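Q: Could you walk me through how to read contacts, cores and charge pairs in a model like this one?

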Amino acid sequence: MPRFTSVIVLGALASACASPGMPPGGPTDTEGPKVVNVAPDSGKTGVTPREVVFRFDEVVSERPAGGTLDALFVVSPRQGAPNVDWHRNEVTVRLRRGWRPNTTYTVSLLPGITDLRGNVRNTGATVVFSTGSAIATGQISGRVFNWVAGSPAPRALVEARPAADTSVAFVAVADSSGAYSVTNLAPGSYRLRGVIDDNNNHALDRREAWDTTTVTLTDNAQRELLTFVHDSVATTLSSVVLRDSVTLELLLDSPVDPAQQLTDANVSVTASDSTRIAVTSVTRSPVDTAGALGFKPSRPPPARSLLVKVGTPILTAREFRVRAIEIRSLEGTPTTSERIVRLAPAPAGVSPTVTPPPPPPAPIKR
């Protein structure tokens, strides 16, 4: 009997331990780190701190998800990359060359910092201070677009460089809708540039899309930035699609200059027996901007294909040559290119298919 009594007692204890209740250590933490203090205080003037300190309510990760810690901190104006150092529940930001005199600084924490459990802070934080006697209040704001796609450019890098000293860059990062605001600027002339910062290194690299303009600032200014890849390579014809018996679509490897006036002289169609097929019109194909989140650029996106109408129906089982003549790229470089199109006979009721030849070899660089 004593043996059975012991089993009953142990079972009761186990049942008590398994009863529902609060797990040890309190509720599970699902919130991102909170900023509890920033030094110096925002709005301070006449201060030259050794560093700016962001203090959190918990230990933050040295390696936030999807990036690096230094990529989450932006100093404006900027002269080179800042030093960003981790100290458990604090992150310090300082400039390698020190703070400039009589300058208003904006130091921003972008959304994305995480705690040790991987919880993400989805909002930013900003401190503004001046090493001089006053804080500048001018600002340039607007929206950055990927012009070719016709959609906003989230997290685009925006720089405003004073004409008097282009080594200094006041910077901002666009939000998820492409909206930006470069703040705390003194009156003057600025060179404004927006960059789709694909590798998130806060700089313009080759093959990244950008746009630039000049702003004369007295108080506040609004500017739209329409970025595209600036490339001296010409726009060439890559393939041809037969849309119907009198409509060809010319697919190009890069967009066409929107300012170019296209006429029937810009395209020629020649049959295999050297007979010219009359071109009656040349227009740009519409660009689909359905996924633009409700924001669209003020200028229509540049087209990457042309619709060509011909006066004589193009029959199947034929071969013809299509030339795109003096088509200008976004940089204004004109070029002429061509493709030989071979149409295969199609079953009744089915549109013919077009099989373009392989692209020509790349030109030899000299």
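A: Let us begin with contact, which means heavy atoms within 4.5 Å. This is a predicted model, where local features need pLDDT of at least 70 and side-chain atom pairs count only at pLDDT 80 or more, while totals for chains, interfaces and linings use all residues. Residues are numbered from 1 along each chain as its sequence is written, and side-chain values use heavy atoms, with hydrogens and water left out.

Q: Leaving aside neighbours within four places in sequence, which residues is Val107 in contact with?
A: The partners of Val107 are Val52, Phe54, Val74, Val75, Val93, Trp99, Ala125, Thr126, Val127 and Phe129.

Q: How many residues does the largest nonpolar core have?
A: In soluble globular proteins, nonpolar side chains tend to be buried together. A nonpolar core is a set of buried Ala, Val, Leu, Ile, Met, Phe, Trp, Tyr and Cys residues joined through side-chain atoms within 4.5 Å. Buried means under 20% relative accessible area, exposed over 50%, and partly exposed in between (1.4 Å probe, protein chains only). Here the largest core has 27 residues, and Phe54, Phe73 and Val107 have the most contacts inside it. At least two residues of this core come from each of strand E2 (52-56), strand E3 (73-76), strand E5 (90-94), strand E6 (104-109) and strand E7 (125-130). Strands (E, at least two residues) and helices (H or I, at least four) are DSSP runs, numbered from the N terminus. There is also a second, separate core of 23 residues, which includes Leu248, Val310, Ile314 and Leu343.

Q: How many salt bridges are there?
A: Side chains of opposite charge can pair when their charged atoms come close. A salt bridge is a side-chain nitrogen of Lys or Arg within 4 Å of a carboxyl oxygen of Asp or Glu. The count by this rule is 13.

Q: Which parts does the pair of Asp231 and Arg207 tie together?
A: In this salt bridge, the closest N and O atoms are 2.2 Å apart. Asp231 lies in the loop between strand E15 (220-227) and strand E16 (237-244), and Arg207 in the loop between strand E13 (188-195) and strand E14 (210-217), so the pair ties together parts that are 24 residues apart in sequence. Asp231 is partly exposed at 23%, and Arg207 is partly exposed at 47%.

Q: Is Glu159 buried or exposed?
A: Glu159 is buried, with 3% relative accessibility. Its salt-bridge partner Arg161, with closest N and O atoms 3.6 Å apart, is partly exposed at 24%. A network of salt bridges links Arg78, Glu159, Arg161 and Arg193.
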